Amino acid sequence: MPISLPHQSIGFDFASDLSLPTLKGIGLQYVDTHNYFWDNCTRKDNICLIQYTLKGEGTIKIDNIFYTLKPNDAFLIDIPSNSQYYLPKHSSFWEFIYLEFSYECLPFMRKIYQNNGPILKINISEKLIKQLFDIYTKALHNQIKTFFENTRIAYDLWINLTEYALNLSTAKMSKIDYVKRYIDQNYYKNELTLDLIADNIGISKYYMCKEFHKKYGISPGKYLREIRISNACRLLTTNDNYTLQKIAQSVGYSNDNYFGKVFKAEKGISPAKYKKKSTKYDLIRTVYETVK
């Protein structure tokens, strides 16, 4: 970290009718009082927050799970949410850089959560951290003057952060990572259950559910449903000759009526209405991310 940088907070307020990701605030802070406590259940900010620990130690509680934040640890949360972060009693100080973004960044955050959970370890020497301080330096010197420059900075950071997170998730796989991969590879099987998944990985269902939620911020059962419905959406928009029964069977549901209920619960509309809504395009191209 450049030693000469002052500890300040800078906010941005750009007026635009375009729904694009924007940087709303950035700051470098040094906290040494135990009155420092943010309860995000009651906040009205409507932001996506990235906070990276430089020195000292902090704590964040997300959905009743506690995470210790040491140097090189970054947490990602959306606000408001069921989370609190603070300087714990045993820590004398906490120095960090934080960035606040508009809600349009949520898809990036959810992708990172899906693969890595809410905590990322990023070495201080990584280009990503240099990028954070480059943004902070520009903000300090009033070099982010237009809406489009702001949103370009936001996009660039989230794209790089998401790529880093996806590459990181493939580099070191735990048993819980194998649970996720097993679901990704077998979601279409109607007989797939949590018991079967746990047996195949060689862990208890209780441990699997607890640790999966801790790492990815979602239960394995809900993740399985989301994967199935996501693939159903793809089939609905790219396969005109598939019946609803065929699509249901292709994503792991033997009963198309039950599939319809699950689909509507997840997407808010029936599969038939979703298909009709998506026919305004002559061609739908499905693009998959590629991890190096």
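This is a predicted model: local features need pLDDT of at least 70, side-chain atom pairs count only at pLDDT 80 or more; totals for chains, interfaces and linings use all residues.
Residues are numbered from 1 along each chain as its sequence is written, and side-chain values use heavy atoms, with hydrogens and water left out.

I took strands (E, at least two residues) and helices (H or I, at least four) as DSSP runs numbered from the N terminus, and I counted two strands as paired if DSSP finds at least two bridges between them.

Next I traced the sheet, which is open and has six strands in the order β1-β2-β9-β4-β7-β10, with antiparallel pairing. At its edges stand β1 (9–11) and β10 (119–121), each with a single partner strand, so one side of each is left without a neighbour in the sheet.

I then looked up helix α1 (residues 106–116), which packs on the sheet and touches β4, β7 and β10 (contact means heavy atoms within 4.5 Å). The direction of α1 makes about 130° with that of β7, where axes are lines fitted to C-alpha atoms, for helices over the stretch in contact, and angles run from 0 to 180 degrees between N-to-C directions. Helix α2 (residues 127–140) also packs on the sheet, touching β1, β2, β4 and β9, and its direction makes about 100° with that of β2.

For β9 (residues 94–101) I found eight of the eight residues buried, so the strand is largely enclosed by the rest of the structure; buried means under 20% relative accessible area, exposed over 50%, and partly exposed in between, with a 1.4 Å probe and protein chains only. Trp 94, Phe 96, Tyr 98 and Glu 100 point one way from β9, while Glu 95, Ile 97, Leu 99 and Phe 101 point the other way. Strand β2 (residues 23–31) pairs with β9 in the antiparallel sense over eight bridges, and Gln 29 stands opposite Phe 96. Strand β4 (residues 47–56) is likewise antiparallel to β9, with eight bridges, and Cys 48 has Phe 101 as its bridge partner.

Last, I checked Gln 84 in strand β8 (residues 83–86), which is buried with a relative accessible area of 11%. Leaving aside neighbours within four places in sequence, Gln 84 is in contact with residues including Trp 38, Asp 39 and Ile 60.
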